[in-house]
Amino acid sequence: MFLEAQRASVLAIIEGLDDEALTTPLLPSKWTPLGLVEHLGYAERHWFQEIACGSAEPLPWPDGDVPLTTPRPPSEVFAFYRDQCERSNAVLASMPLSTPPRGRHPAPLGDEITDLRRIVLHMIEETARHAGHLDIVRELIDGKTGLGPR
């Protein structure tokens with residue numbers, strides 16, 4: 001429930017932004033809102049497929065993109081994010097929270113991930129953190145605040 005709320009917040013915060021706003025960096029670190037959504041898709045894939053299940057299908061595009069930016073159009077990135085969330089939900093529906101991970105994330109964080117429950121907690125943390133980043137950027141873009149279900 002909490003992870004779903006954070007995912008919904010991410011999408012609600014950037015809803016209505018045009019392609020230019022989604023792909024223009026506003027901060028010195030040069031990340032873009034669309035790049036951050038793609039990053040969250042990668043995080044869902046990594047934690048629930050690669051770590052919880054031990055493997056993931058290959059991505060439909062080559063690796064090597066600049067972190068937190070993307071050359072892909074919004075429709076493709078949003079479809080990727082939604083698909084990864086659906087896959088994550090399927091993993092959650094198929095395993096008890098006490099299930100140990102089949103894959104391994106590097107230390108030190110990897111040492112803390114002892115079961116699916118901790119993967120879920122990490123993804124709540126990761127998604128909420130980036131929703132906060134998107135909140136700030138949205139306010140810089142058009143002054144809107146307080147978007148999302150929470």
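Tutor: Start with the radius of gyration, which is taken over C-alpha atoms, with a globule rule of 2.2 Å times the number of residues to the power 0.38. For 150 residues that rule puts a compact globule near 15 Å, and the protein has 15 Å, so the two agree. Bear in mind that this is a predicted model, where local features need pLDDT of at least 70, side-chain atom pairs count only at pLDDT 80 or more, and totals for chains, interfaces and linings use all residues. Residues are numbered from 1 along each chain as its sequence is written, and side-chain values use heavy atoms, leaving out hydrogens and water.

Now the setting. The C-alpha trace spans about 45 × 35 × 25 Å along its principal axes. There are six helices and zero strands (DSSP runs numbered from the N terminus: H or I of at least four residues for helices, E of at least two for strands). From the N terminus on, that reads α-α-α-α-α-α.

Your part is helix H1, which covers residues 2-14. Its 13 residues reach 19 Å from first C-alpha to last, close to the 18 Å expected at 1.5 Å a residue (1.5 Å times one less than the number of residues).

Which residues of H1 are buried? Here buried means under 20% relative accessible area, exposed over 50%, and partly exposed in between, with a 1.4 Å probe and protein chains only. In H1 the buried ones are Leu 3, Ala 5, Gln 6, Arg 7, Ser 9, Val 10, Ile 13 and Ile 14. For the protein as a whole, 41% of the 150 residues count as buried.

What do those H1 residues pack against? Their partners are helix H2 (19-23), helix H3 (33-53), helix H4 (74-94) and helix H6 (116-142). A contact here is heavy atoms within 4.5 Å.

Just after H1, Gly 16 takes a positive phi of about 90°. Further along, in the loop between H2 and H3, sits Lys 30. Lys 30 also has a positive phi, near 75°, in a residue other than glycine. Lys 30 is exposed, at a relative accessible area of 52%.

Pro 108 lies in the loop between H4 and helix H5 (109-112).
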